[in-house]
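Please walk through this structure slowly, beginning with the rule that decides when two residues count as touching and then moving from single pieces to whole chains.

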Amino acid sequence: MTALLEVKGVTKRFGGLHAVSDVSFSLGEGEILGLIGPNGAGKTTLFNVVNGVYKPDKGTITFAGKDITQCPPNEVVHLGLARTHQIVKPLQDMTVLENVTVGACFGRDYLPLHQARKVAWEVLERVGLAPRAETLARSLTIAGKKRLEVARALAARPKLLLLDEVLAGLNPTEVSYMIGIVRDIRDSGISVFMIEHLMQAIMSLSNRIVVLSNGQKLAEGRPEEVARDPQVIEAYLGDPDIAEKLRQESDATATAD
Amino acid sequence: MIFRRPVFWLTLLFAALMIWVPVTGNRVALREDLVLVAIAIILASNLNLMIGYTGYVNFGHIVFYGLGGYVGLYLVTGRQWNLVWAALAAGVTVSLFALALGLGILRLRGAYFALATIGVLLAVQSFVENFDPWGRSTGMYVSFDSYQRLGGARHALWLTYFLVIGVMALSMLLSLAIKTSKFGLGLFAIREDEDAAVVLGVNTTLFKAVIYSISAFLPAVAGALMFFKNGMIDPSVAFEFMLSLEGIVMLMLGGKGTVVGAALGGGLYEKLRSSLLTAPKLSNFHLVIAGGLLLLVVLFAPGGLVGWLYRLAPRARKVLE
C-alpha cells in the first residue's frame, strides 16, 4: 500500500497548550483509518492541521506526494482532500442542491456550474438527500445536515475524505444508514480518515486505528490490537469494564469477518 | 443563459422606458427626476453585490461614486478628455483603488469591516479636502468648453442622461450575471458561512477583494457622469455620508440579495425622498422617514419588498431574481 497521506512529527500549540504534539502516522490508499481518543485529545485539531485550517508549529504533512503543510484549506481541496465538520456548517439560506453544488464547483476539478449541478445531483442520490434537494439547508434535521456535510465533501470528488464525527447525534437507524454511506464511499475508491466516538461503528469500519490522548499518539494498529493495548485501556478507557466490553465487540467483529 | 432570464428582458424594457418617456415631448424636468432614480438604482444595485451577495456591510460605498466624480471631472476639465473615456477611466481607476484597499480591509469581518468602511470614507474625504490639484474643499467646476465639445450644453445633458441610464441597465445586468454564475455561488457561500466556504474550496480572500472592486466600478462611472452633468464637485457633495446610509435603506427596503429588490428599493426610495425634499416644511424630514422605514423593514420584513413577494407567491422566486 502506498501512503496517500503522510503526517510527520506534527505539533500544534495554542499558547502553552500542546493540542497536538509530535504526532506521526500514514494513511494508505483505499484505507479507512479511524482516529479515536477522549474529549479534548486533539482529534479535531489534528484534522484542522491536516486540511490547512491551522498551520502546524512543527512537522510536515504530505498528501499524494505533495507537501501541503503550508497550503490554505481551499488549495487542499483542489488537491483532493475534503472534509466534514463535527459542528455542521450548512450554508443555511441556500438550498441543499446549492450547498452541494458549491462543493462540486470549487472541489478537485473546479467544475463549471452546469457540470457541478450534475455531480451534485449524483451525490445527493447517493446519500439519500435527493428528495430534499430544493429545500433550504436550515430546514434539515440534524441527521440531514450531517448527510449534507458528507455530500458537500463528496461532491469535491476527493481522493481522501476526513469525516469528523458524522455519526454523533444520530439515532440507531440513521447511524446504520450513515455507516452504509461510509462503506459505499470506501468501495468507490475514496480513502477515509474518520473521527468517531461510537466505538462499535469505528471498530467495525476501520482498517486501522490511531489513538490520541492529550495530544499525543498513544497507539496505532488494527482495531482488535488497539482495543487490547494495555496503554489504551489504562489511559484512554480508564474503566476496565468498558475495556472488557470493547474486547468482546472486537472479537465478535473479528469472527464475523 | 442570461438571455433566458425574465429579469434580463425586464431590465432592458425598464431602461427603454426610462429613455422613451422623457425624450417624447422633451420633458427636461422629468428627466432630472429620473436621473436621480437611475443613480439610486446604480448605487443600490452595486451595494447589493457586497451586502446582499457577499454579506459584507459597506457603509462607505459612496466613496466610489465621489472618487469617480473627481477623477472624471479632472480628466474632462483638466485634461480635455472625452466624457465617455473619462468616465471609463474613472471606473477603472477607482476599481483598482478598491482592489488594493479590499485586499487589506477585507481581512476584517462583521462590525469591524463595517467600521473600516466608514474610516475609508472619512480618510478619502479629508485627503481630497487637502488635495490641491482637485481644488481642496472648494472643489472643481466643469469648464464651459467641455460641454461645447459635446455639441452644446443641451445636447451634452441629454447625452449624459442616456449614459446614466445605460450604466443603470448595466448595473442590473451585472447583478444578474453574477447571481447566476459560479462566482456568485462562491460569494453566496461566503455570505452564509465564510469558514465553511474556505473548506469547500472557495478562495475567499480573492473573491471578496474582486467583488469589492467590481462593486466600485459602475458607481464610479456614474459619479463621473453625474458630476459632469451637475457642472461641479466638492468634497461635501461627493462624499455625502447620508447618501451612503440611504443606499443601505434602499437595499433593505427592496430586498437585499435580489436584482429586482435593489432596483425597486432604489427607485421607490428616491421617489419618496424627492417628494419629501420638495415639500417646503419638511427640510431633511426624509431622513426621519428613512430611519423609520429601515426599522420597520428590519423588524417585520427582513427580506424587503421582494422577500415579502416571495412569501406571497413562492413562484416569484424563479422570475424576480
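This is a predicted model: local features need pLDDT of at least 70, side-chain atom pairs count only at pLDDT 80 or more; totals for chains, interfaces and linings use all residues.

Two residues are said to be in contact if their C-beta atoms, placed from the backbone, lie within 7 Å. In helix α3(A), the residues A:Val96, A:Asn99, A:Val100, A:Val102, A:Gly103 and A:Ala104 meet A:Leu148, A:Ala151, A:Arg152, A:Ala153 and A:Ala155 of helix α5(A). Sorted by class, this contact between α3(A) and α5(A) holds 8 nonpolar residues, 2 polar ones and 1 charged one.

Two packed helices are described by the angle between their axes and the distance between the axes. For α3, which covers residues 96-105 of chain A, and α5, which covers residues 142-155 of chain A, the axes come within 6 Å and cross at roughly 35°. The crossing in which α3(A) passes α5(A) is right-handed.

The C-alpha trace of chain A spans about 55 × 40 × 35 Å along its principal axes, and buried residues account for 46% of the 257 residues in the chain. When one takes the contacts in chain A between residues at least 6 apart in sequence, 65% of them join residues at least 24 apart.

The strands of chain A can be followed sheet by sheet. In one open sheet, 6 strands lie in the order β6-β7-β8-β3-β9-β10 of chain A, and their pairing is mixed. The edges of this sheet are β6 (81-83) and β10 (216-221) of chain A, and because each has a single partner strand, one side of each is left without a neighbour in the sheet. From one strand to the next, the twist averages 15°.

Within this sheet, β3 (residues 32-36) and β8 (residues 191-195) of chain A pair in the parallel sense over 4 bridges. One residue to look for here is A:Leu35, whose bridge partner in β8(A) is A:Ile195. Helix α6, made of residues 172-187 of chain A, packs on the sheet and touches β3, β7 (160-164) and β8 of chain A, while its direction makes about 150° with that of β8(A).

Another open sheet of chain A has 4 strands in the order β2-β1-β4-β5, and here the pairing is antiparallel. Its edges are β2 (17-28) and β5 (66-67) of chain A; each of these has a single partner strand, so one side of each is left without a neighbour in the sheet. Helix α1 (residues 43-50) of chain A packs on this sheet, touching β1 (3-14), β2 and β4 of chain A, and its direction makes about 65° with that of β2(A).

The strands β4(A) and β5(A) form a hairpin with 2 residues between them, and in the turn A:Ala64 has a positive phi of about 50°.

Now turn to chain B, which has 16 helices and 2 strands. Its radius of gyration is 19 Å, close to the 20 Å that the globule rule gives for 321 residues, so chain B is as compact as a globular protein of that length. Along the principal axes, the C-alpha atoms of chain B fill a box of roughly 55 × 45 × 45 Å. Of the 321 residues in chain B, buried residues make up 51%, and among contacts in this chain between residues at least 6 apart in sequence, 76% join residues at least 24 apart.

Where do the two chains meet, and how many residues does each give to the contact? The contact takes 22 residues from chain A and 16 residues from chain B. On the side of chain B that touches chain A, the elements giving two or more residues are α8 (182-192) and α9 (194-199) of chain B, and α8(B) gives the most, with 6 residues. By class, the residues on this side of chain B divide into 8 nonpolar, 4 polar and 4 charged.

Note on methods
Residues are numbered from 1 along each chain as its sequence is written. Chains are lettered from A and ligands numbered from 1 in the order in which they are written. A residue is buried if 20 or more other C-beta atoms lie within 10 Å of its own, exposed if 12 or fewer, and partly exposed in between; C-beta atoms are placed from the backbone. Ala, Val, Leu, Ile, Met, Phe, Trp, Tyr, Cys and Pro count as nonpolar, Asp, Glu, Lys and Arg as charged, and the others, Gly among them, as polar. Two strands pair if DSSP finds at least two bridges between them. Axes are lines fitted to C-alpha atoms, for helices over the stretch in contact, and angles run from 0 to 180 degrees between N-to-C directions. A crossing is left-handed if the near helix is turned anticlockwise from the far one by less than a right angle, and right-handed if clockwise. The radius of gyration is taken over C-alpha atoms; the globule rule is 2.2 Å times the number of residues to the power 0.38.
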